[in-house]
Amino acid sequence: MASYYQTSDFRNGIKVVVDGNPYVMTYFQFVKPGKGTAFTRTKLKNLISGAVIERTYRTGESLERADCEERTMQFQYQDGDMYYFMDMESFETIGVAQEFMGGAEKYLLDAIEVQVMVYNERPVGVELPNFIEAEITHCEPGVKGNTAQGATKPATICQGAVVQVPLFVEEGEVIRVDTREGGRYMSRVRD
Amino acid sequence: MASPALEEHLEAFAVGGRFLHTSPEFALKRVLAMGLPRIFSIGPCYRDEEWGPLHGAEFTMLEWYRLGCGYEGIADDLVRLLAKLGVPTPRRTTVEELLPARPEDPVEAQRAWVNDVEPKLIEPTLVFDYPADEAAFSEVRGPIAERFELYWQGVELANAFTELRDPKELRARWEKNNRARASAGRPPHPIDERLVDAVARHGRAGGIALGVDRLVMLLLDHSSIDQVRVCG
């Protein structure tokens, strides 16, 4: 039995079915002309093709929930454009094509646990943990004596993800990173 | 207030069998009927079921009314106010010009408006002459309602009318909206008899309601009215 999202349930990240295809909501805004009926403007990203569509729903209209399964899986290895993950209970392995990784491939660490989204038995996305701890593989040395507040420099972590870090952070140090919104430095991690 | 609104799609907060006002319009029209020729009000209004960066349960509305003119006179007032605030003189257009292939179904017409028209009204724009079925409180002339709105940066900022003075017509619109509310499972908005009486007695008048939070938001280059309110 299909279940539905009402316009008041709309949130970024909900997965819905439109014209038979699965989408994730990436934007929603309530709009109501002063003398008219209320609508919610949305942007929806196709979970398979990545194409973004814009749709506007009237209050009272609803969207079918996409039956997406999220499986906790461990990263195993990369082979060309394919990334392989293993279910650590069933030992089943799933390969996810680069186009469905959505940038998450840059954060893959050995044996990192992620959520693999599966729709109709096809992997259609990977969600990273919100926070990861990773060693800085490359960054320029900080400039001694520079105490300017808010000054940052780029640092490379994992498989090429770049985050802005404060000047006192050095190559080889382990940092805690928020992987949402494109990666954000949180703090150094001390042993 | 004894009644929160005439419009079908306005929800009020009910308090002890009465309502927080969704706009000061009803009270101001009673003042117009007393014969005061130029009146205004600025203060909080309350609307339920509206949220997001451009809406709030409480917001600030400026309304003014002028006897002896229609919506054109109010448009002149508005242009002078905007000039004092440093807003460029709005261009003038009509609903017909902006949405020539307006869908017949009223919901689809509004969907087309919020999708295809509103986001493009970036420069300050006065949109005149709404279809008669979107008249609300305005005087109707043939297929056209004497109503205009101000848009800027895709944001609806103000709504103005040549005020309806026919009590029978007002009552008919109110009853029609209440039938629509009933079929949508909504409680009716009670007809405010003191308002019906007032519109029958005041002279020809124009009036306007302007969203102050939204205007201040745009003047200060913000994207949410929460950023210009002390408490969101």
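The exercises below, each with a worked solution, concern a predicted model.

Local features require pLDDT of at least 70 and side-chain atom pairs count only at pLDDT 80 or more, while totals for chains, interfaces and linings use all residues. Residues are numbered from 1 along each chain as its sequence is written, and chains are lettered from A in the order in which they are written.

**Exercise 1. Determine which residues of helix 6 of chain B are buried, and on which side of the helix they lie.**

Step 1. Helices (H or I, at least four residues) and strands (E, at least two) are DSSP runs, numbered from the N terminus. Helix 6 of chain B comprises residues 193–201.

Step 2. A residue is buried if 20 or more other C-beta atoms lie within 10 Å of its own, exposed if 12 or fewer, and partly exposed in between, with C-beta atoms placed from the backbone. In helix 6 of chain B the buried residues are Leu195(B), Ala198(B) and Val199(B).

Step 3. These residues cover an arc of only 95° around the axis (taken from the directions from the helix axis to the C-beta atoms), which puts them on the same side of helix 6 of chain B.

Step 4. An α-helix has 3.6 residues a turn, so residues three or four places apart point the same way.

**Exercise 2. Describe how helix 1 of chain B packs on helix 6 of chain B.**

Step 1. The cover over the buried residues of helix 6 of chain B includes helix 1 (25–33) and helix 5 (167–183) of chain B.

Step 2. The axes of helix 1 and helix 6 of chain B lie 8 Å apart, at an angle of about 40°; axes are lines fitted to C-alpha atoms, for helices over the stretch in contact, and angles run from 0 to 180 degrees between N-to-C directions. Helix 1 of chain B is therefore oblique to helix 6 of chain B, given that angles under 35 degrees count as roughly parallel, over 145 as roughly antiparallel, 65 to 115 as roughly perpendicular and the rest as oblique.

Step 3. Contact requires C-beta atoms, placed from the backbone, within 7 Å. Among the residues of helix 1 of chain B that meet helix 6 of chain B are Phe26(B) and Leu32(B).

How values were computed
Two residues are in contact if their C-beta atoms, placed from the backbone, lie within 7 Å.
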